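Let's take a walk through a protein model together. Keep the sequence and the 3D view open, and we'll go from one region to the next.

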Amino acid sequence: MSHDGQVAYEYEYSYSQLYDNRAPTGVWYLDQLLQGGLRRGEIYLVAGEAGQGKTIFGLQFLKTGAELYGESGLYITIDEPSDDVKRGVKESLGWDLDAFESQSKVIFVDLRTHFKIYAREEKVVADPRDISKIIIEYVKKYGIKRLVIDPIAPLIITSHSDVLWVREYMRELVFQLRKLKDVTTVLTSEIPTGENKISRFGVEEYLASGVIKLELMEYRGFVFRVMFVRKMRWIPVRPQKLVFEIYPQYGIYVLDRLENFIKQIDAWYAGQQTQWEQAAAPYGAPAE
Ligand SMILES: Nc1ncnc2c1ncn2[C@@H]1O[C@H](COP(=O)(O)OP(=O)(O)OP(=O)(O)O)[C@@H](O)[C@H]1O
Ligand SMILES: [Mg+2]
């Protein structure tokens, strides 16, 4: 691991230098890499297959803002009742988001109750302008500085299977969200399992200022989580992969860069081999 004093020093340093136009995500290493965090007022995409940590990333971003930086957050869910999400992270990570909500520091909004998008009898298509109107109301009412829409796809899954229509819809929604100049937004996007895409409709990554993909990787029998920092508009950072874990209390925690992690695995194998060779040596030793 490379969390040595030097890195910590640089981290503090970059925070103090650039904090003003950055919203720290609460993922320590990532914030250091991004010179303080996500750019304020921009829209980011966190994409990944099921179970890769998109919801945890979004909630960590909101929790960090509320807890450490006095920034109120708005969490918009469509698919999953927000109570289930809160219960889930309480049980798995020990995060008590009800406490934040009762102090209006993180507001949970279940968009279904606004639009009845999934009313069984009819699928109502919510106009992006109406969605943004609701969001703007909350933003004004609670002084929201951080917004998470988790995930973005159900907003646009309708009888319209026409990809061009969906893309137009997405463009309009992002256009509306961009008007929230003081709000830093994280949109999550589900990637169907096994598909090597960055986003569901192939347009989200162009509309977003930055894209982070969460994925699983396998190397020499080890399976681990990887955060692929793919695109970061106006932040001097090259695309790179970071190995992370999900820990109680911490949430997402970066262990190391992928290349370093792979070296560690190789070293581990080399060590193992030496042990095997040593263990086998008496049997393999030539008879005198
Ligand atoms: N305490 C924990 N320790 C280790 N892993 C954990 C812990 N809590 C949650 N996880 C992992 O987090 C993952 C779920 O993360 P999350 O719900 O953020 O994923 P997601 O990408 O939003 O998934 P979905 O697409 O289904 O909404 C699970 O796969 C689980 O393995
Ligand atoms: Mg999720």
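**Around the ligand**

Two helices, α3 (54-68) and α4 (82-93), each supply at least two residues of the shell around ligand 1. A quick word on names: helices (H or I, at least four residues) and strands (E, at least two) are DSSP runs, numbered from the N terminus. Before going on, know that this is a predicted model, where local features need pLDDT of at least 70, side-chain atom pairs count only at pLDDT 80 or more, and totals for chains, interfaces and linings use all residues. Residues are numbered from 1 along each chain as its sequence is written, while chains are lettered from A and ligands numbered from 1 in the order in which they are written.

How many residues surround ligand 1? There are 13, and the closest are G51, K54, T55, I56 and S92. Being near here means that a residue's C-beta atom, placed from the backbone, lies within 6 Å of the molecule. Helix α3 gives the most to this shell, with three residues. Sorted by class, the shell has five nonpolar, six polar and two charged residues. In that sorting, Ala, Val, Leu, Ile, Met, Phe, Trp, Tyr, Cys and Pro count as nonpolar, Asp, Glu, Lys and Arg as charged, and the others, Gly among them, as polar.

Is α3 mostly covered or uncovered? It is mostly covered, with 13 of its 15 residues buried. A residue is buried if 20 or more other C-beta atoms lie within 10 Å of its own, exposed if 12 or fewer, and partly exposed in between, with C-beta atoms placed from the backbone. Just after α3, G70 takes a positive phi of about 60°.

Now look at the largest nonpolar core, which has 60 residues. Such a core is a set of buried Ala, Val, Leu, Ile, Met, Phe, Trp, Tyr and Cys residues joined through C-beta atoms within 7 Å. L30, Y44, V46, Y75, V106 and V148 have the most contacts inside this core. The largest share of the core, six residues, comes from α3.

Let's zoom in on Y75, which lies in strand β4 (residues 72-77). Why does Y75 count as buried? Because Y75 has 27 C-beta neighbours inside 10 Å. Leaving out residues up to four places away in sequence, Y75 touches G58, L59, L62, S82, V106, F108, V148 and D150; two residues are in contact if their C-beta atoms, placed from the backbone, lie within 7 Å.

**Strands and their turns**

Next, find strand β8 (residues 210-219). It pairs with strand β3 (residues 43-48) in the parallel sense over five bridges, and the bridge partner of A47 is K213. Strands pair if DSSP finds at least two bridges between them. Strand β8 also pairs with β9 (residues 222-232), this time in the antiparallel sense over 10 bridges, and E215 stands opposite V226. These two strands form a hairpin with two residues between them. R220 is exposed, because 9 other C-beta atoms lie within 10 Å.

A second hairpin is made by β10 (240-247) and β11 (251-257). Six bridges join these antiparallel strands, and F244 has V254 as its bridge partner. Three residues sit between the strands, and Q249 takes a positive phi near 70°. Q249 is exposed, because 8 other C-beta atoms lie within 10 Å.

One more backbone feature: a cis peptide bond joins D150 and P151, with omega about -10°. P151 sits in the loop between β6 (144-150) and α8 (163-178).

**Stepping back**

The secondary structure of the protein comes to 10 helices and 11 strands. Of the 288 residues, 38% are buried. Among contacts with a separation of 6 or more, 63% are between residues 24 or more positions apart.
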